[in-house]
Amino acid sequence: MKFNILMMGIGVSMLVACNGKSKQNEKPNSEKENTPPVEVLEFEKIPVPANAGENMKWELQKEVSDDFNYVHKPANQKTDFGNGKWYNFYHNAWNGPGTTYWQYDHVAVDGNDLIIKSSRNTSTEKMGVPGVNAGCITGNKRVKFPVFVEASVSVSNIALASDVWLLSPDDTQEIDIIECYGGKEPNNSYFSKFIHLSHHSFIREPFTDYQPRDLKTWWKRNGVTSWGEYSWNNGNRKYVRVAVNWINPSHFEYYIDGELVRVLYKNAMANKINGQWEYDYSTMTDGKLDMDGGYQKLTNYKSEPAYSLATLKQTSEVSKVNIIDPYNFQKGTDFNKEMDIIINVESQNWHVLDKRTPSDEDLADPSKNTMKVDWIRVYKPIKS
């Protein structure tokens, strides 16, 4: 499953002869033997599903990509690992949302996967109930559009969020690549069916948060009743590839297992629902987004069997509401800042308030309490 080594120089004379080139141009055998092998990371064998653009191609950004084919043992202090690509905490001093307590020693790499685990924290300081210790890592180098970021993830089988996300250093712009509440219990059988594909636009003072609240931001795969059970797979872990193609400040594409499933573009969105592409936009009344049954109301413009950027642009022209930042928290810039890559498990306050918080037994169970990441890869488009 992990990386292969391609040996260079085998059969060179045959290739030169076929190409009609003189053997005088060949390197001496001794020089061939000293040519180092070319390392091919496992994810390089998987085509990038997104289009790099006209006359463009994808270039791997190795300094922010990782196949986790090494060992990093849990540490009791803030520590860099992965040849300096990561550190084992959040991107500032905050120790977590809701009842989360991010801990340095809940992060490891076992030679195949990044391991993010959770456990019980007996403190009731947060929200008056016992907390959750969890792992979190942050990249030491940031990414910025245009960029494609994809991770192969096996979520925890527990009522916690397993996350891979991008966040600006000032905490005002966030793109969630995967946010998944994998475990069915307690009271989480509904949310465990979905992978959440979303983003946030923030004002820090006073704290204000916009996040899309349309039903279509919750992606469901037929046959999966719990992503935690799917991932645990009776102990033989399964993975799902989830990606965002951040094309520009107002254009995001989301992919699951190489399939385009959701697109946000300026004032409109497109979602693949039951094999059909639905093109929708939001509306506002008196400066507030219209809601329907607690969810953001969407007006359907068109449905088609195949995705069309042209149709999405038409939908955007009809709409008057920005789908990225409807309340203009970013002052007209949409998402234009560099972002940190963050991978973590967390206990979010809205779940705790609804009593969707794991039991002591679940938090002590290694068949449930661990999120794994096989690899994460980052590509940027360059001229071909």
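Which residue does Arg 262 meet in a salt bridge? I began my notebook with this pair, and found that the partner of Arg 262 is Asp 214, with 3.3 Å from N to O; a salt bridge here is a side-chain nitrogen of Lys or Arg within 4 Å of a carboxyl oxygen of Asp or Glu. Arg 262 sits in strand 20 (residues 259–265) and Asp 214 in the loop between strand 16 (208–210) and strand 17 (218–220), so I noted a link between distant parts of the chain, 48 residues apart. Arg 262 is buried at 1% relative accessible area, and Asp 214 is buried at 0%, where buried means under 20%, exposed over 50% and partly exposed in between (1.4 Å probe, protein chains only).

I reminded myself that this is a predicted model, in which local features need pLDDT of at least 70 and side-chain atom pairs count only at pLDDT 80 or more, while totals for chains, interfaces and linings use all residues. Residues are numbered from 1 along each chain as its sequence is written, and side-chain values use heavy atoms, with hydrogens and water left out.

**Overall form**

I looked up the secondary structure and found six helices and 29 strands, taken as DSSP runs (H or I of at least four residues for helices, E of at least two for strands) numbered from the N terminus. The radius of gyration is 23 Å, close to the 21 Å of the globule rule for 384 residues, so the protein is as compact as a globular protein of that length; the radius is taken over C-alpha atoms, and the rule is 2.2 Å times the number of residues to the power 0.38. I also noted that buried residues make up 52% of the 384 residues.

I found that the structure holds 13 salt bridges. In one of them Arg 120 pairs with Asp 360, the closest N and O atoms being 2.6 Å apart. Because Arg 120 lies in strand 9 (residues 114–121) and Asp 360 in helix 6 (residues 360–363), this pair ties together parts that are 240 residues apart in sequence. Arg 120 is partly exposed at 24% relative accessibility, and Asp 360 is partly exposed at 45%.

Glu 150 pairs with Arg 377, their closest N and O atoms being 2.5 Å apart. I placed Glu 150 in strand 12 (residues 147–154) and Arg 377 in strand 29 (residues 370–383), 227 residues apart. Glu 150 is buried at 0% relative accessibility, and Arg 377 is buried at 0%. Glu 150, Arg 241 and Arg 377 are linked in a network of salt bridges.

**Nonpolar cores**

I then asked which residues touch the most other members of the largest nonpolar core. Of its 61 residues, they are Leu 114, Ile 195 and Ile 343; such a core is a set of buried Ala, Val, Leu, Ile, Met, Phe, Trp, Tyr and Cys residues joined through side-chain atoms within 4.5 Å. Apart from this core lies another, of 20 residues, among them Ala 50, Tyr 265, Ala 268 and Trp 375.

Leaving aside neighbours within four places in sequence, I listed the contacts of Ile 195 (heavy atoms within 4.5 Å), including Ile 178, Trp 218, Trp 227 and Ile 256.
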